[in-house]
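Open the model in your viewer and keep the selection panel handy. The tour moves stop by stop.

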4 protein chains.
Amino acid sequence: MAETPTRWYYEYITPDLFLSSHLSKIVFSGQTKYQQIEIIDTVPFGRTLVLDGRTQSSEADDFIYHETLVHPGMILHKNPKSVFIAGGGEGSTLREVLAHTSVENVTMLDLDQEVVDLCKKYLPNHHRGSFGDSRLTLIFEDAYKYLFQDKNRYDVIIIDIPDPLEGGPAYLLYTQEFYAMVKNRLKPGGILMVQSGSAGPLDYSEIFTAINKTLQSVFRSTMPYHVYMPSFGLVWGFVIAGETLPAITMGEIDSRVQDRISGNLQFYDGTTHSNIFSLPKYLREAIAKEDRIITKDNLLFVV
Amino acid sequence: MAETPTRWYYEYITPDLFLSSHLSKIVFSGQTKYQQIEIIDTVPFGRTLVLDGRTQSSEADDFIYHETLVHPGMILHKNPKSVFIAGGGEGSTLREVLAHTSVENVTMLDLDQEVVDLCKKYLPNHHRGSFGDSRLTLIFEDAYKYLFQDKNRYDVIIIDIPDPLEGGPAYLLYTQEFYAMVKNRLKPGGILMVQSGSAGPLDYSEIFTAINKTLQSVFRSTMPYHVYMPSFGLVWGFVIAGETLPAITMGEIDSRVQDRISGNLQFYDGTTHSNIFSLPKYLREAIAKEDRIITKDNLLFVV
Amino acid sequence: MAETPTRWYYEYITPDLFLSSHLSKIVFSGQTKYQQIEIIDTVPFGRTLVLDGRTQSSEADDFIYHETLVHPGMILHKNPKSVFIAGGGEGSTLREVLAHTSVENVTMLDLDQEVVDLCKKYLPNHHRGSFGDSRLTLIFEDAYKYLFQDKNRYDVIIIDIPDPLEGGPAYLLYTQEFYAMVKNRLKPGGILMVQSGSAGPLDYSEIFTAINKTLQSVFRSTMPYHVYMPSFGLVWGFVIAGETLPAITMGEIDSRVQDRISGNLQFYDGTTHSNIFSLPKYLREAIAKEDRIITKDNLLFVV
Amino acid sequence: MAETPTRWYYEYITPDLFLSSHLSKIVFSGQTKYQQIEIIDTVPFGRTLVLDGRTQSSEADDFIYHETLVHPGMILHKNPKSVFIAGGGEGSTLREVLAHTSVENVTMLDLDQEVVDLCKKYLPNHHRGSFGDSRLTLIFEDAYKYLFQDKNRYDVIIIDIPDPLEGGPAYLLYTQEFYAMVKNRLKPGGILMVQSGSAGPLDYSEIFTAINKTLQSVFRSTMPYHVYMPSFGLVWGFVIAGETLPAITMGEIDSRVQDRISGNLQFYDGTTHSNIFSLPKYLREAIAKEDRIITKDNLLFVV
């Protein structure tokens, strides 16, 4: 039976469903001050970062996740010069932000220096040297505390943090209180982008619709969107929020992509924009019906 | 350890990747004259039909697959009265076709009477009584042979058959020769819809792009589209083909859905149409570059 | 990939180790008043009874377990006429006891009538009609309570109950208090046999050595023994206890087997006796060092 | 779900049964000139050597396998001075042989220098420095070819090679022709020990009984024996062969162990000897009925 792979990486999507990949190498496995980290190589997805048992980013579909997280909001903005990133330790969000030629400075905050150091060392095809860019200020601190005292304002703020796991490092960064504070860190015309949990047909009601509702309670305009991530075995959700999000055509997106982004994108353009922002009927209906607002007194966790 | 599920259904997506569901019941398992059939209940997906080891249709996301397969082409057609379905043994394609009030007659051909009989008995929430509709003529025969001798012409033809597995019953129905013959069975303004294999980022090149190219070599107009299917663990591809496929707005789609379809849809409407037909950049590029045409002398199989 | 089995039954041996069998049928799955019951067919082990997530008895190696549990003690006894069985719901222990021609009456107690009824119906190759034997009195009651009030005494008492799971129905039947009471239900020369949990090199210290120590604290003579059970993925332990256990040669065992047991045994004879009672060095040393005595105030559970 | 182990090592016992261990580290994985080698750490079994997809030796039960392979035959011999080992690349067989104070020289042959070098580096708790013993001559060559030309004779020859896999490096070393040649390499009173494949109730007929029969066709006296190996999920079989194997008592074994072996054994002594040589009834019957003799023209492979 030597032909059947003998080593497998398992990831539970729900307690009753898991995705399993042929595991070729355990590059690193350990516990930081804040979370469990594993860096593994799997045959279907290549080099992969796993935090607290959940895939964050794999070589095979990193481009889908990070082009989707970063570019729609950046392209919607008229002229993004200053960007704040919370999380995104493997450097891929940073990489896509820096591809925008308008960007003059990026402040990136990650709670967990050990994770960033391990990603620098072991995930070169993710960050691709972004950590060495002179426009970057990298700070290891809690984003909530930092933004509370921060005097700066930003054109774009990107929240790219792990899911709100009970006992995990991130759950306070999904609350109305946090979003209200973040709103005050945006310049006029500023845009917030938030990774917002699974948005698939089986699990959108876990946190995705509630994050939407919470952001709606703070911002005048919100745009939910989603993309299928093979390495997660899930459709992933995102939300763009701002006071005035402009309408934009597919053609205008294509020309902004061409004018503002160095290098070639693999995933995002005007047509892809239409795909990821056109949510299916049941999901639009569920967002419309949602009435849960996440606050410090009404926390929401994923299991 | 009694809390961990002890019974699992495995489905290999590739030899190095599988999806596994908590299995609650094996309803039926057997071998027909043509293929292996399993009808199972899983916790995440409910009652599920599996042919030759591949999930065909599950209670949880049957609505996504079949609304996607049937409605875009039916709605694009001006006034579909006569419909031909090849395959679709579990009756869900039939169910969605019959929801169109314009439909006067449906001819459904399935090679495998045993599969249809088992589906009638064990999948009531799939077919929902469609097999009893007086507009239906149900025939158990090979679609290739039947269409070759058939004198009728149809407004819409739907090819909803298993993937081209070597040794399976379906591979000839993916060839240029078959599509050319099917074209002659369409009335003027007629539309062909074809399920076209996996269209995800890891595997679109297996058959999806080649089916597109093959249909392009026969029809003047083709429209590829795709949808994520949780129970397959895959993005699934489809193609609509015809001589003149009309342009149609999202608003026009919404009004045709309202006027022509009895009952409420869960998935499909104008916005969803925009989602499923807006392919991501890498996939549009791959379709453009594809040059394989499937013929009887150049067969293509999935593994 | 249709050749790879798609349905599997998992059983965790420890949280970090599991055995998995190709599952062909789920015959029955449900919850009785006392425990979870599953009756399944697996390819390697055939029809199998599972209680609270643990295999109790499979068609493939039922003969090993039950010949081992029953015959050594029965053969050691001079002339066993009256036998009491606690547990053994699938009827295999009963079957082996009734094979002894000296036996005049058997009292079998099982807490869970639903389990016995399901075994009668679905496990014919286990009980083989034993429940119809006129020597049997079958009672559905708690063994602890019953024996406490019972005025009868027995030549042989067999405790064939599930492991002491916290919240399960059996844990009080592993205590010193219970064994002391059982001792009073034995006739002079009487023998007690107890299934005693896993006795393998990785897990003998879980309960096996403690059950030994507990029985040593009540009976003058104890004989631990063990056998490898493929369907458990474990070496299983047993203890025989009595006031005076006679020495017996392999030849004497062979002649008693021939004289007293109707039908042919597959597993047990004099040489097999020597195998199962000759514990490896590390296990004898561990039994000698054990000092835990299980009492109502010092309960022991398996996880 | 972070609490459930996410990385597993699978090993198929049969195509329908597998054992799976929580995998903590992939220490090395590669392909030598002769075979696939993996050195892994698992939670239940510790550091483990796997060749061609089959566990050879794990930290947790290495003592069981190698005390069983080596000591019964060495102890049966009157005064073993010269020992030949074929295989045993991880050094554990060598380690147990060298514990015998009578041993003056050991010739160890392994086909695969890469395996030995990797074991030296990564399995220190297996070999425990044995490769540095001055009594050892280590040769990398095919055992068949070497023994054919060898002029030396040995007191004890130990064949500790992988199973006869088709296409593997070892299948010719299970033939009558090989055993006949090996017999001529034994000194008077010499003893051969052979690892002989799985001897469990489900699979003893695969090769174990046939190896017995083949050795019986060459040697006047053979003694089959067996032991349960948790890390294999199997009962493992062995055979001792010689022209005149002496009878020996359990007490005599204990005193020879004490006199001749330096250090303490964990597994083997007189009582354990009685355990491993007392085969269960069905297995003795199967050995008696076996009539397959393995020859170059009638090869036997495991699957």
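**Stop one: a backbone angle in chain D**

Select Arg128(D): this residue is partly exposed, because 14 other C-beta atoms lie within 10 Å, and the partly exposed class falls between 12 or fewer for exposed and 20 or more for buried. Keep in mind that this is a predicted model. Now look at the backbone. Arg128(D) has a positive phi of about 45°, although this residue is not a glycine. Where does Arg128(D) sit? Arg128(D) lies in the loop between helix H4 (124-127) and strand S8 (136-139) of chain D.

**Stop two: chain B, Arg128**

Move to Arg128(B). Arg128(B) is placed between helix H4 (124-127) and strand S8 (136-139) of chain B. Buried, exposed or partly exposed: which is Arg128(B)? Arg128(B) counts as partly exposed because 14 other C-beta atoms are within 10 Å.

**Stop three: a loop in chain A**

Select Ser217(A). This residue is in the loop that links helix H7 (208-216) to strand S11 (221-229) of chain A. With 14 other C-beta atoms within 10 Å, Ser217(A) is partly exposed. Which residues does Ser217(A) contact, leaving aside neighbours within four places in sequence? They are Gln176(A) and Ile293(A). Ser217(A) and Ile294(A) are 77 residues apart along the chain, and their C-alpha atoms are separated by 9.9 Å.

**Stop four: where chain A touches chain B**

Show chains A and B together. The contact draws 36 residues from chain A and 36 residues from chain B. Color three elements of chain A: strand S2 (17-31), helix H9 (270-277) and helix H10 (281-289). Each of them supplies at least two residues to the side of chain A that touches chain B. Which element gives the largest share of that side? S2(A) does, with 6 residues. Now color that side of chain A by residue class. You will find 19 nonpolar, 12 polar and 5 charged residues.

**Stop five: strand to strand**

Finish on one pair. Select Leu19(A), then find its bridge partner in S2(B): Leu19(B).

How values were computed: Residues are numbered from 1 along each chain as its sequence is written. Chains are lettered from A and ligands numbered from 1 in the order in which they are written. This is a predicted model: local features need pLDDT of at least 70, side-chain atom pairs count only at pLDDT 80 or more; totals for chains, interfaces and linings use all residues. Two residues are in contact if their C-beta atoms, placed from the backbone, lie within 7 Å. Helices (H or I, at least four residues) and strands (E, at least two) are DSSP runs, numbered from the N terminus. Ala, Val, Leu, Ile, Met, Phe, Trp, Tyr, Cys and Pro count as nonpolar, Asp, Glu, Lys and Arg as charged, and the others, Gly among them, as polar. Two strands pair if DSSP finds at least two bridges between them.
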